[in-house]
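Take a walk through one protein chain, from its overall build to single side chains. Keep the structure open while you read.

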Amino acid sequence: MELYLIVIIVFVLFVTFAAILKRYRRCPSDKILVIYGKTGRNNSAKCIHGGAAFIWPVFQSYSYLDLTPISIECNLTNALSKQNIRVDVPCRFTVGISTEADSMTNAAERLLGLNTEDIRNIATDILFGQLRLVIATMDIEEINADRDKFLANVSTNVEAELRKIGLKLINVNVTDIRDESGYIEALGKEAAAKAINDAKKSVAEQNRYGETGKALADKDTRVNVASADADAVKGENNAKIEIANSDALRREKQAEAERLAVAAEKVQAAKALEEAYKSERDAELARAAREEATQKANIVVAAQIEKEKMIIEAETAAERLRREAKGEADAIFAKMDAQARGAFEILSKQAEGFNQLVSAAGGSAKDAITMLISDKLPELVKTQVEAVKGIKIDKVTVWDGGNAKDGKTATSNFISGMMGSVPPLQDLFNMAGMELPSYLKGKPAEAPAVQDVKVEEPSREE
């Protein structure tokens, strides 16, 4: 018995230890272990990267966030720059879930349970919006020439937004920048033309200096020197004129660019105000809708519930009355149906009996009736006799002087009259519309002979 107890204890300890080991989870280096449920802190989840933790059964559960980088292609088109010139900026971003404490908590709250495609879609929307915002604050010259500044602005804006959902920007590449108006191409052509003109001017000046030196060497007179000096002054003046024209053109272009920049800034400020007013209006409309829904929930819904309750009670009462009426009707119908079936069975059996009786009488209904009456004759005779059976006579007083006719005394006449009051069978049949059979009539009785009947006078009343 003790051995069995020891075995059971060892088995229980082994199962408990195995369950504890099963709930102890290790986090791989390329994932984040998210423990949710009762974490014991104000955070909704506990995130662990590169470690292990014990998961309490029933009270806690766990899941993983993948740290694999996600490549997102953002081919932004028709983005409005600071100069109100639309440009195409194709970019490729590489993002991933951040391992910082706050960012991991944001990722656990907003990205847990989503697949890679869902995360890519969310990040794409954020990248497009921030990329448009950065382009709207920069000139095309800055975007095209100063790529480091453009990438720094993009990284600053994008990382701030991605951190809100637990992501971080790993890399960004800008392949090429194009505009639909050809402004960038014109800038390239202008730079190329300026370089070519400068080279030509340098060559011409060198040639001119060589020719001038040669002429000065060949001429020995001061006239030639003066002419050369005059030509030199004239060339200097022409150069100054070209420089002045170039400066004027530069200032004109600079003024036009500044005008476009100021206009773009004002347009962007107006759009920002418009979006702010629109957001405030949407917030007020949402608050009004919430207030309206609250009032409806407090008043209309309660009234609707009371109305449905009254309807249900009325329908219940009506259904109960209908069922009671139906039950009573079914009972009456069953009773009448049973009575009708009983009467039908009685009449059917009587009809079958009459039919068999007629068949036994050879098909003669009259003989069948005669047979039926013959069967009931004892009862008829009994009924006829019973007519005077119940008469009670306490005493009979006879005053007879002996002078009755036909030799009958008063006593015999009284008895004969009483029997004569009983209806004969012939009269009973006649009243029923039938005729008494001849074998029951008998022969007509002959008048009895007159005999002397002596009646002794009673000495006392009997």
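This is a predicted model: local features need pLDDT of at least 70, side-chain atom pairs count only at pLDDT 80 or more; totals for chains, interfaces and linings use all residues.

The text below goes from the whole chain to its cores, then to its surface and its charged pairs.

The protein chain holds eleven helices and nine strands. It has 462 residues, and 18% of them count as buried. Now consider contacts with a separation of 6 or more. Residues 24 or more positions apart account for 66% of them.

Next, the interior. In soluble globular proteins, nonpolar side chains tend to be buried together. Which residues have the most contacts inside the largest nonpolar core? They are Phe93, Ile135, Phe150 and Leu162, in a core of 42 residues. Helix H3, residues 116-136, gives the largest share of this core, with seven residues. A second, separate core has six residues, among them Cys27, Ile35, Ile48 and Ile55.

Is Gln130 buried or exposed? Its relative accessible area is 13%, so Gln130 is buried, the cut-off being under 20%. Beyond residues up to four places away in sequence, Gln130 touches Asn157, Val158 and Glu161.

Helix H2 comes next. This helix spans residues 101-110. Its buried residues are Ser103, Met104, Thr105, Asn106, Ala107 and Ala108. What covers the buried residues of H2? The cover includes strand E2 (31-37) and strand E3 (45-48). It also includes strand E5 (60-66) and strand E7 (86-97).

Tyr62 is partly exposed, at 24% relative accessibility. Tyr64 is partly exposed as well, at 31%.

A nonpolar patch of about 520 Å² is made by Ile8, Phe11, Val12, Phe14 and Val15. Val12 lies in helix H1, which covers residues 2-23. How exposed is Val12? At 45% relative accessibility, Val12 counts as partly exposed. A patch residue needs over 30% relative accessible area, so Val12 clears that cut-off.

Charged pairs come last. Side chains of opposite charge can pair when their charged atoms come close. How many salt bridges does a search of the whole structure find? It finds 13. One of them joins Lys164 and Glu161, at 3.4 Å from N to O. Lys164 is partly exposed, with a relative accessible area of 48%. Glu161 is partly exposed too, at 26%. This is the Glu161 that Gln130 touches.

Helix H7 supplies two further examples. An α-helix has 3.6 residues a turn, so residues three or four places apart point the same way. H7 runs over residues 222-360. Within it, Arg323 forms a salt bridge with Glu319, and the closest N and O atoms are 3.1 Å apart. The two residues are four apart in H7, so about one helical turn separates them. Arg323 is exposed, with a relative accessible area of 59%. Glu319 is partly exposed, at 29%.

The other example in H7 is Lys349 with Glu352. Their side chains meet in a salt bridge of 4.0 Å, N to O. Lys349 and Glu352 are three residues apart, about one turn of the helix. Lys349 is exposed, at 52% relative accessible area. Glu352 is partly exposed, at 42%. Salt bridges that share partners also join Glu319, Arg322 and Arg323 into one network.

Terms used. Residues are numbered from 1 along each chain as its sequence is written. Side-chain values use heavy atoms; hydrogens and water are left out. Buried means under 20% relative accessible area, exposed over 50%, partly exposed in between (1.4 Å probe, protein chains only). Contact means heavy atoms within 4.5 Å. Patches are made of residues with over 30% relative accessible area and no salt bridge: like charges are joined within 9 Å, nonpolar side chains (Val, Leu, Ile, Met, Phe, Trp, Tyr) within 5 Å. Accessible areas come from the Shrake-Rupley method with a 1.4 Å probe; for residues, only the protein chains shown count as cover. A nonpolar core is a set of buried Ala, Val, Leu, Ile, Met, Phe, Trp, Tyr and Cys residues joined through side-chain atoms within 4.5 Å.
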